[in-house]
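Please have the model open in a viewer that can select by chain and by residue range.

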Amino acid sequence: MTDMLTPVLTDNWDAERAWTLASYEEHGGYAALDKAFAMAPDDVINAVKESGLRGRGGAGFPTGMKWGFIPQDNPKPKYLVVNADESEPGTCKDTPLMLASPHTLVEGVIISSYAIRANTAFIYVRGEIIHVIRRLQRAVQEAYLAGHLGKNIHGSGYDLDLIVHAGAGAYICGEETALLEGLEGRRGQPRLRPPFPAVAGLYASPTVINNVESIASVPSIINHGAAWFAGMGTEKSNGYGIFSLSGHVTKPGQYEAPLGITLRELIDLAGGMREGHELKFWTPGGSSTPLLTPEHLDVPLDFESVGAAGSMLGTRALQLFDETTCVVRAVLRWTEFYKHESCGKCTPCREGTWWLTQTLARLEKGQGSEADLDLLLDQCDNILGRSFCALGDGATSPISSSIQHFRDEYLAHLSHGGCPFDHAASTVFSPVGADA
Amino acid sequence: MTTTDKAPDTVDTDLVTLTIDGVQVSVPKDTLVIRAAEQVGVQIPRFCDHPLLDPVGACRQCLVDIPDAGNGRGFPKPQASCTLPVAEGMVVNTQATSEVADKAQQGVMEFLLINHPLDCPVCDKGGECPLQNQAMSNGRGESRFAESGGVKRTFPKPINISAQVLLDRERCVLCARCTRFSEQVAGDPFIALAERGALQQVAIYEREPFESYFSGNAIQICPVGALTSADYRFRSRPFDLVSTPGVAEHDACGAAIRIDHRRGKVMRRLAGNEPEINEEWISDKDRFAFRYSQVDDRITYPQVREDGELRPASWTEAFAVAARGLRDAGAGAVLTGGRLTAEDAYAYAKFARVALQTNDVDFRARPHSAEEASFLASHVALSGGVTYADLEAAPVVVLLGLEPEDEAATIFLRLRKAARQGRTQVVSVAPWTSRGLQKMKGRLVPAVPGTEAEVIASLADAEHGVSKDAVILVGERLAGTHGALSAAADLAARTGARLAWVPRRAGDRGAVEAGALPNLLPGGRPLAEASARVDVAAAWGVESLPAKVGRDGNAIVAALAKGDLGGLVVAGVDPDDTADPAAFRAALDAAGFVVSLELRATGVTRVADVVLPVAPMTDKAGTFVTWDGRARDFDAVFTNPASLPDLRILSGIADELAALGQGAPLGFRTVGEVRAEMQALGPWDGARPAHDAGKAPRVGKAPKADSFTLATWKQLIDLGSMQDGEVHLRATARTPVVRLNRAAYESVFGMLEGEPGRDQLATVTGDRGSVTLPVAVADLPDGVVWVPARSFGRGVLAELASPGSSVTVKGAQQ
């Protein structure tokens, strides 16, 4: 069964001190660098294009195509910015990757920067994950000392400086233009587009912004070839990805597998749902992707199939909830997160999340009426596609999908005069709940 | 001077045709959909959008449906029309025709109101509030938020973000108009949005309040009642106000204002919309400084001096006493300040020639020179052709003795806009790089006061880019250095650049045109030309005009002191503004007979034999001629028969003089009659007089080695008498400081730095007194010290020294 797994990024995670340069090089690290330097930058871009690698940050935009948008005739410097501001509830792939093997990312950064002809690259790391920041900084330092970064890397004549930048703690900075604002020292709020970052991004210069996992996948593509990568996954969703399973599952963690694997297979790999319970609902890609239910267990987890099922592949952050979980309560918690993290720039997200939280909180307490569900849906309709960036859209996903799939449970709160669930029973550390 | 062949205005060749609500319309390329919709008569509701600010797309109120973006495909979601440029073939459906757009707008409006206090009945904005109006037109009548038991976000009631500006955070819809205005237009990013989500709010840095010279504009463009002024808060309701358009009287820029009044009292002033001049912005001085005519020392009735004391008199008695006194005093002269309307200035010019039969008339109540009078006659009178738009289009704008942010705020905003667009390089000949120059991204060409002539001459070098497309703006302070105005004229002649003179006061340019100068007759006629004198004499119906070029202000003061002159008519002159206040006061004391035409009691009325109250700006019609030669006329705000304009009073005195056998009547009594007479007289069509730099003044003794040359100018907000009565405005003035360069600072204070809030103090001492102020370091040349001219006591001229003279600087105890 474990042959479904394709450990590439996670392959060396169990090595002794995997995060050190010595360990990484022992496992063949930085070998892709010389291969890349032997290629013309455009050939590197083409290799990534041919591999079919799509952005691993959630939106799934073809990475090679994004690199191709950089106007090489623009006299301004080009920049590569790695989005390592992983903050979505449930999403936990970049953090363990950077913790376990930061050099995989550094090597990816060097090859990607070389391809787009950037001489300065940034890794924008979520400020709260201080241990990861230290590992990254140390890895960058090691890479400089070993000649993988700095002037004339490996005698290729190519120069690159890599800067690890710690964010100040805002979910919105995962939005690429807000990230750029933050990197420039301003408040993290999304920018008006156009101009798009490929034309005028960081310091108004052409900028590529990629997710950690996308960039970390590049060395393997160079090492093994585009065809090797494209041979994995499904027709339009090539390659492998890290699937992060969390919640009521026996062995939560990161499972690296080709795109298109199903949740049923992943749950099997993870030893099944926690004993004596069954799956009730799940998110395919973090809290801003609409909820799915057990009827979607066999949906191939690739961009197209999950989309067809009414959700989004997102960041493959599979949060699994069993039947002890109150969906209203879970959705309220997520909504409170969005309210807390709304940057405040645009009205629908700022005011909408303020209101949604209040309506949901009352429903959870069994107050209100069935009409409030329609009110919620109408509020969501007034936010979705009306806000400045996708954060507002994301805030509506759990609400509208949960009402779609679990309307009766909402109504049960009203008829029960409060939440009918034993909340203690849903905690992972209390298998039998408060009744024990 | 004729208008040179300018680049043609944008020709509408790049038109884009699109369909909005089924109506086809063609608009220039890059037009935003929200403005294209206005062309077909559809008003899309909006808050953050402002045509003079960069688009931001924050409030989302202007969402529209775009079924076809011009490429055959539509947008799946409603789009913000304030950030979307038009495209050929685009189809736009607004709330008028699209349910999707209408619902989107209603949804956003509902969201905006959930955290708004809805305290319209006690809000100053109520009745003129875009939120209120658009909530009525594009919102729902009942609040589902309140129905569903929602709890609003609340904040404590207003907080001061400056002494003048108050912020009600609850009312704010976070459209960021105020912050964008301050950053983009004024260049004063003293306010910014802080916090996030619904707790986001406009904030200041604790040590730096919102002390921008332009903060009032942020209040005016606030689409809700979140920003209010301490000055106007709770004073009146918009629907009780009557609005009269006006022209700002505080500088020579001619900014359009709107005067809002109620029951005969001005309640507030707002920026008018005049795209060719001030666009939609005015300085805080133009906005808030208007109570100077309502303060306690306002003169309300004529007075005559009897036994050493002033006593009330009737107008007729006052006219007669004035006429008798002037006749008996012998030779008379006229001194007017720079605050007169062109009509009033004309009346003084005519009064001097016809009634007093002299050319001893000068409007320059400030340091001036014979060279300047010649410059005004040869290069300024009747000149024109440089406009605000030219400032934006010129590749280089040279500032000579002019600090626009302090002395011509509307020009400053235009130059900042031009610099921000990256088209215009500002080059300033000044002693240091002011904040205003930084905001115009300007380049300093440093000049020690007194050396301006040489520095200006050096500008002809190619490195400064002064070409025929450049514009040279000459400030009135340049008259303080002999040869500087000649150098400026020479620079313009050599490079072909266009030149304009920018005085500080609103009436200065009009006074030049009206002939309130010893060497000029009305219409720019050179007095020395016999044909010009004949021309004017014929128009005025008098035998002849005095032919001898008159005394200028300095000479009048000297002649009064010597006894060569006896009578004096003074209008709107503050002795402390004159080149030598002590000498001016002595001259007043020495004068045989002084007639004062004034609004308020001053150092002149103290000794005047007849005091005649003149109408304030609000009580009379008039015209200000702006620095660019534009006649900006305005009507009276109030009808107040007891309030007489200067020209009516002069006509009364002239009538009495004529009855006594001296001179002739002026032949007019109203502003309209003066205008008609000026119109009929018309401009001089003969040759312009040649410029004559005159003799260089005697060089004073060489300054001592450790002394400093004094540089100074007046800051926008200071102790000027037209800001009296405005406590909140004055409180936003910049702290007066002494500026030294780093080397001088260290030689005075060693390496000791001041602490925040406890800067080092320095005492500057000149031949008229001394002043102690905090010290700031600036990029001044060696041996130069700068202090603000009117920000302490009676000001630099009265209590320190003459600009350009030498002073000493010493450290002072805290």
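Which domains does the domain assignment of chain B give? Bearing in mind that this is a predicted model, colour chain B by domain 1 (15-114), domain 2 (156-293), domain 3 (303-366 + 509-681), domain 4 (402-495) and domain 5 (708-812), as the domain assignment has them.

Next, select domain 2 and domain 4 of chain B, whose C-alpha centres lie 30 Å apart. Between these two domains of chain B, 11 residues of domain 2 are in contact with 9 residues of domain 4. On the side of domain 2 of chain B that touches domain 4 of chain B, the residues divide into 7 nonpolar, 3 polar and 1 charged.

Now show helix α9 (residues 342-355) and helix α21 (residues 646-659) of chain B, whose axes come within 8 Å and cross at roughly 15°. That angle makes α9(B) roughly parallel to α21(B), and the crossing of these two helices, α9(B) and α21(B), is left-handed. To see the contact in side-chain detail, select B:Glu343, B:Asp344, B:Ala347, B:Tyr348, B:Phe351, B:Val354 and B:Ala355 on α9(B), together with B:Asp646, B:Leu647, B:Leu650, B:Ile653, B:Ala654 and B:Leu657 on α21(B). The residues of this contact of α9(B) with α21(B) comprise 10 nonpolar and 3 charged, with no polar ones.

Staying in chain B, centre the view on B:Ile556, which lies in helix α19 (residues 553-562). Is B:Ile556 buried or exposed? B:Ile556 has 26 other C-beta atoms within 10 Å and is therefore buried, the cut-off for that class being 20 or more. Leaving aside residues up to four places away in sequence, B:Ile556 touches B:Ala333, B:Leu335, B:Asp360, B:Asp362, B:Arg551 and B:Leu565. For a sense of scale, draw a distance from B:Ile556 to B:Gln39, which is 517 residues apart from it in sequence and 59 Å apart in space, C-alpha to C-alpha.

Move on to chain A, which is divided into domain 1 (2-229), domain 2 (240-322) and domain 3 (327-420). The centres of domain 1 and domain 2 of chain A, taken over C-alpha atoms, are separated by 26 Å, and 21 residues of domain 1 of chain A are in contact with 25 residues of domain 2 of chain A. The side of domain 1 of chain A that touches domain 2 of chain A divides into 8 nonpolar, 8 polar and 5 charged residues.

Where does chain A touch chain B? The contact between the chains takes 25 residues from chain A and 29 residues from chain B, and on the side of chain A the elements giving two or more residues are α14 (327-341), α15 (347-364) and α16 (371-383). The largest share of that side, 10 residues, comes from α15(A), and the residues of the side of chain A that touches chain B divide into 8 nonpolar, 10 polar and 7 charged.

The crossing in which α14(A) passes α15(A) is left-handed. Among the residues making this contact are A:Val328, A:Leu332 and A:Tyr338 of α14(A), and A:Trp354, A:Leu356 and A:Leu360 of α15(A); the residues of the contact of α14(A) with α15(A) divide into 9 nonpolar, 3 polar and 4 charged.

Conventions
Residues numbered from 1 in each chain as written. Chains lettered and ligands numbered in written order. Predicted model: local features only at pLDDT ≥ 70, side-chain atom pairs only at ≥ 80, totals over all residues. Contact = placed C-beta atoms within 7 Å. Helix = DSSP H or I, 4+ residues; strand = E, 2+ residues; numbered from the N terminus. Nonpolar A, V, L, I, M, F, W, Y, C, P; charged D, E, K, R; others polar. Left-handed = near helix turned anticlockwise from the far one by under 90°. Domains from an automatic or database assignment. Buried ≥ 20, exposed ≤ 12 C-beta atoms within 10 Å, placed from the backbone. Axes fitted to C-alpha atoms, helices over the stretch in contact; angles between N-to-C directions. Parallel < 35°, antiparallel > 145°, perpendicular 65-115°, else oblique.
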